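Work through the exercises below with the sequence and the model open. Try each task before reading its solution.

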Amino acid sequence: MAESAASLEGVASHGPPAARASRRWETGGRLLRHRSFQIGLGLFLLVALAAVFVPMLSGVDPNKLSMRTRFEPPGSEFLFGTDNFGRSQLSRVVHGARLSLVIGSWVVILNAVFGTLLGALSGYFRRLDNPLMRLNDALMAFPAILLALGVTAVLGRSIPNVILALAIVYLPRTARIVRASVLVLRQTEFVQAAIAAGAGHWRILRRHILPNAMAPVIVQLSFLFAYAVLTEATLSFLGLGAEPPTPTWGNIMAEGRNYMREAPWIIAIPGGALAITVLALNLLGDGLRDVLDPRLKIQQ
Amino acid sequence: MKAWMRLGSVAAPAVLVLALASPALAAPFSCPKKGGDLVFAGEAKVNSLDQMASNTISTRNVAMNIFESLMTRDENFNPILELADSMTESPDHLTYTFKIREGVKFHNGKDLTTADVVASFDRYAKIGIERSNLANVEKWEAPDKYTFVIRMKKPQPTFIEDLSSFSVPIVIIPSEQRDADPLRLEPIGTGPFQLVEYVADSHVKLKRYEGYKPNPHFEERTGFGGYKVGCVDTVTYRIVTEPGARVAGLETGELMAVEDVPTKSQAALKNNKNVVLLGLQNFWIQIMLPNTSFPPTDNLAFRKAVQAALDMDEIMDAATDGAYRLNVGFQYPGGAFYTDAGKETYNIKNKELAKKYLQEAGYKGEPLILLTNKDYTSMYNAALVVSEQLKAAGINAKLDVVDWPTSVQRQMNEKTGWNFFFTGYGTQPALGALATMKFFTPPQNVYYPKDGKSDPDLVALYAEMSNNPDIAGRKAAFAKMQQVILERVYAVPFGSLTKVQATRANVKNFKPFRIPRFSNVWIDQ
Amino acid sequence: MLRVILHRIAGAVPVVLLVTLITFGLMRLIPGDVSAALGGVSSTPEQREQIRHNLGLDRPYYVQLVRWYADLARGDLGRSIFLGKGVTESTFERLPVSLSLSAYSLIITLLLGIVSGILAALRQNSWVDQAAMIFAMIGISLPNFWLGLMMIVLFSVHLGWLPTGGYVPFQEDFLGWLRTTTMPAISLALLQVGLLARITRSTMLEVLRQDYVRTARAKGLPNYLVVWKHALANALIPIVTVVGIIVSLLISGAVVTETVFSIPGVGQLLTSAILNRDYPMIQGGLLFVALLLVGINILVDIAYAWLDPRVRYDGG
């Protein structure tokens, strides 16, 4: 209830499609001048570039065992040290970054597509609203991590299953935000005018409603990326993410737990990388929210 | 082993009377200090306290302090009487007559009589894991309240060795528990400690059983038997799976005794005056066991490929952080039955040979599921190294990592999608060759033969091991059995592990043993 | 007020029904045979069939569903395979542990979150504001299990100040309870502190801009009184709704935190149930937590209506 009122002004101010193109540049400029967006983008690029290029350049297999170089602390030879199997932690952590980003992106894409679809259907077609939103409420009644655990327990351990589980868990949250915007937009004059002019439902949704409803969705998706990365790490840490020895951050930390006394770097580094990634995404989300949708409250 | 062999040779000519009424040379043990809470940290979750239906160390760690049996083993693993006052073997080796000790009480206050012993044997015969121990028994009966008789179908020279085994002992439970389902036993025993609280994934709390009556035939605790007294008021058995947390807890005194100190931490602890390290060589044989009724491990050539690919030094080094010895088979050098039969199958580390076997097996990249657990680091590490070595040989190995109780549970069912189960054989090698080989015979058959059809060669060799009255013949049968198991890859033993336990310096008389014993241990405040 | 309460409870009925359906459906999707796990060592196929029969798993789904609801109506959530006890019984046994940890964590959250939020709002754009907001940002970004592990490494392993894990009931030994729950409560609270600080700050800023606050200031009322009486009272309303979210975050966070610190609460019960494939326990536990959260949300809504009389329920 509260957020539909809050987003009312934010959404309405976007106006009809004509003025959109020129404003896009302006928004981009404002984003780039935004402090936390800058920092967030910088950190995120750092993680993303490391994830893409370090494995390419070094070519070290993250699962390669080397009994002679076990428990090497971080230093010049091994930048992030080695673990109890002598595996290069640098290689494992950057592969972990890659997996985190891939999983996070998939969850975001699935949510962008299906969350928008569900939210739009629910907000636009009033007859669908009640059943869809009750289902939404029911799914949201489960704490995210528990539902994700439950779904992976059913589906089994693998990266695609983790993506699916996370997408299912966060879908209701995305759908609800889309629905709130659509509900408001549906009542605006230009939409009512289009309906009166006899435009088809799909056309109205596609041309008039969804483009204007995107701002809160984009903000939500950037936060969602952060939750997805965090929850994936939690799932693997608890032993229900991708199967070991896949070097996800959660798996590395779960293994490193046994050696936290002698080799604390095995947990510290991937955890730090995870924190930096989540921080970057949260800062990006803050920037996006301030610029795109200033009235939006912090969403869960 | 030796002492038992001596008993065996004594038994052969005439009647064996095993009444250990030792002359009272010294006063029996009494606690120098009483009281306190002994906090012990175990590494694996306790899957169950049903000592008849669980064969894991984590169960024994707690349950062996709660329950007692007619017979058990002493400090050197020789059979001794525990709840039995005396045992008489008839000259024809067909009847064993036990007198049970009078005045023993269960934790619920009930007096122990032979009705309870009969009920315990009844339940064990129905659901006990090693119920094959009773296969050769014709019947058991209780002529009176304190006399219990076992009648054999035919003589079995190894029967007492089986009966006193603490692998999955026939613990004596109150007769009301006769029909308790497997893993649903109410943990009421006659031991020096009784259960207060059991939270499966967190801790177990025990308290001294005030009604406990020590065995008057002994002066000190020995093995699981002897003269046992509870000195501490309570025992808190906590499950602390991270080695680092165990060591930290020991250093701060929050934990008073721990199972398994990692090799890397030992140097630091050696210099700590408040901590005593207790090493146990040959604690267990690190091992993996195939499921031979599930592809691809149903194929002998495939299993041989796995065997050929492994480098045992690397596996054991990672599993133990260096605290190991390479070891062929199921006994340790120096043991009476030790043999290196089958050594040509051990530590081959030949990828090319492995690939040749894979071709022979017609292997097409089917996944190979390695079932291991997070609780025992050594098993997890071994599985990870094995998986990398197998991948290098072209096998599509996948790890399935679960909790220790879950891996045990899944391993009990060949249809739960696993190919190799990772574990440690500790108790059985210590109990002797017979106890170890029992794993490869019905109803246990840890290698899960297809359709439950046991390998007839193993069944025959085991019968020979059990029934040959001549010790040399039994040894030869054991060597042959080990050879067959290794050649047909019904087990892949990696080597022997040294375990280091540790206590705070003020914990006294905690002698290292396979399973922690909380009786006769006191805390110097 | 009574109408609000009744209305809210009636509104929760379909959600509760769906929640029970989802839990039921989820567990029927699990591959593999539960009876094998239940049967234990060397159980024969006949014994397993018997177990399936006893559990009603050989019946058609609609019969199982009816039975599921009949059991639910009696408060019976089934029997845990691993613990060998009733699911309801084991959950209630562990509830005080989780509740005491959550309550401790909630106190930390409210104190730190509201205080830093107010300070930041009162000194907008000062270093206090910036420091508070950076702290809040870090709070919502640090993975709580990682924070917990790092605290264990520092305070338990290296400094030896606090135990690495375990739990002492507060009614037995309050000091022991504090020693075992302080690190978990802090690591659990941090995310919520961040959220609450940010929300308190933004609502306070809004309220401080309102006319009546300006008037109060203009009248020369001391600043603390303005903040305390006027600003905070009004800022409290949106904060209460957030507390609902916070409690649900605490409960999900506790799942991981309890595992990291080996605290035998509901969270650890559920994670080990999932790892142990203890299906009745997973099913019952999930349902229990979901219903708990539905209940908490109802309470929050009622509190919200009570604090802000403008809120009315007209349906929709």
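The exercises go from single chains to helix pairs and then to chain contacts.

This is a predicted model: local features need pLDDT of at least 70, side-chain atom pairs count only at pLDDT 80 or more, and totals for chains, interfaces and linings use all residues. Residues are numbered from 1 along each chain as its sequence is written, while chains are lettered from A and ligands numbered from 1 in the order in which they are written.

**Exercise 1. Chains A and C**

Solution. 
Step 1. Helices (H or I, at least four residues) and strands (E, at least two) are DSSP runs, numbered from the N terminus. Chain A has eleven helices and zero strands. Chain C has twelve helices and zero strands.
Step 2. Take the extent of chain A. Its C-alpha trace spans about 75 × 45 × 30 Å along the principal axes.
Step 3. Turn to burial. A residue is buried if 20 or more other C-beta atoms lie within 10 Å of its own, exposed if 12 or fewer, and partly exposed in between, with C-beta atoms placed from the backbone. In chain A, 57% of the 300 residues count as buried. In chain C, buried residues make up 48% of 316.
Step 4. Look at contacts. Two residues are in contact if their C-beta atoms, placed from the backbone, lie within 7 Å. Take the contacts in chain A between residues at least 6 apart in sequence: 73% join residues at least 24 apart. For chain C, residues 24 or more positions apart account for 73% of the contacts with a separation of 6 or more.

**Exercise 2. Confidence in chain A**

Task: Which elements of chain A have the lowest and the highest mean pLDDT?

Solution. 
Step 1. pLDDT is the predictor's confidence in each residue, from 0 to 100. Chain A averages 85, and 90% of its residues score at least 70.
Step 2. The lowest mean, 34, belongs to helix 1 (residues 2-12) of chain A, and the highest, 94, to helix 4 (residues 89-124) of chain A.
Step 3. Over residues 1-16 of chain A the pLDDT is below 50, yet this stretch has 32 contacts in the model beyond near neighbours in sequence. Where pLDDT is low, the predicted coordinates should not be read in detail.

**Exercise 3. A helix pair within chain C**

Task: How do helix 5 and helix 10 of chain C pack?

Solution. 
Step 1. Axes are lines fitted to C-alpha atoms, for helices over the stretch in contact, and angles run from 0 to 180 degrees between N-to-C directions. Helix 5 (residues 87-122) and helix 10 (residues 223-260) of chain C have axes 10 Å apart, at an angle of about 140°.
Step 2. That makes helix 5 of chain C oblique to helix 10 of chain C. Angles under 35 degrees count as roughly parallel, over 145 as roughly antiparallel, 65 to 115 as roughly perpendicular and the rest as oblique.
Step 3. The crossing of helix 5 with helix 10 of chain C is right-handed. A crossing is left-handed if the near helix is turned anticlockwise from the far one by less than a right angle, and right-handed if clockwise.
Step 4. Residues of helix 5 of chain C in this contact include C:L101 and C:L106, and those of helix 10 of chain C include C:V247 and C:L250.
Step 5. By class, this contact of helix 5 with helix 10 of chain C has ten nonpolar, four polar and no charged residues. Ala, Val, Leu, Ile, Met, Phe, Trp, Tyr, Cys and Pro count as nonpolar, Asp, Glu, Lys and Arg as charged, and the others, Gly among them, as polar.

**Exercise 4. Where chains A and C meet**

Task: Which element of chain C gives the most to the side that touches chain A?

Solution. 
Step 1. 42 residues of chain C are in contact with 38 residues of chain A.
Step 2. Helix 10 of chain C gives the most, with eight residues.
Step 3. By class, the side of chain C that touches chain A has 35 nonpolar, six polar and one charged residues.
Step 4. Now take one helix pair. The axes of helix 11 (residues 265-292) of chain A and helix 7 (residues 144-158) of chain C come within 10 Å and cross at roughly 145°. Their crossing is left-handed.

**Exercise 5. Chain B**

Task: Is helix 8 of chain B largely enclosed or open?

Solution. 
Step 1. Eight of the nine residues of helix 8 (residues 312-320) of chain B are buried, so this helix is largely enclosed by the rest of the structure.
Step 2. Its cover includes helix 6 (263-270) and strand 15 (275-290) of chain B.
Step 3. Just after helix 8 of chain B, B:D321 takes a positive phi of about 55°.
Step 4. Elsewhere, 28 residues of chain B are in contact with 23 residues of chain C. Helix 5 of chain B gives the largest share of that side of chain B, six residues.
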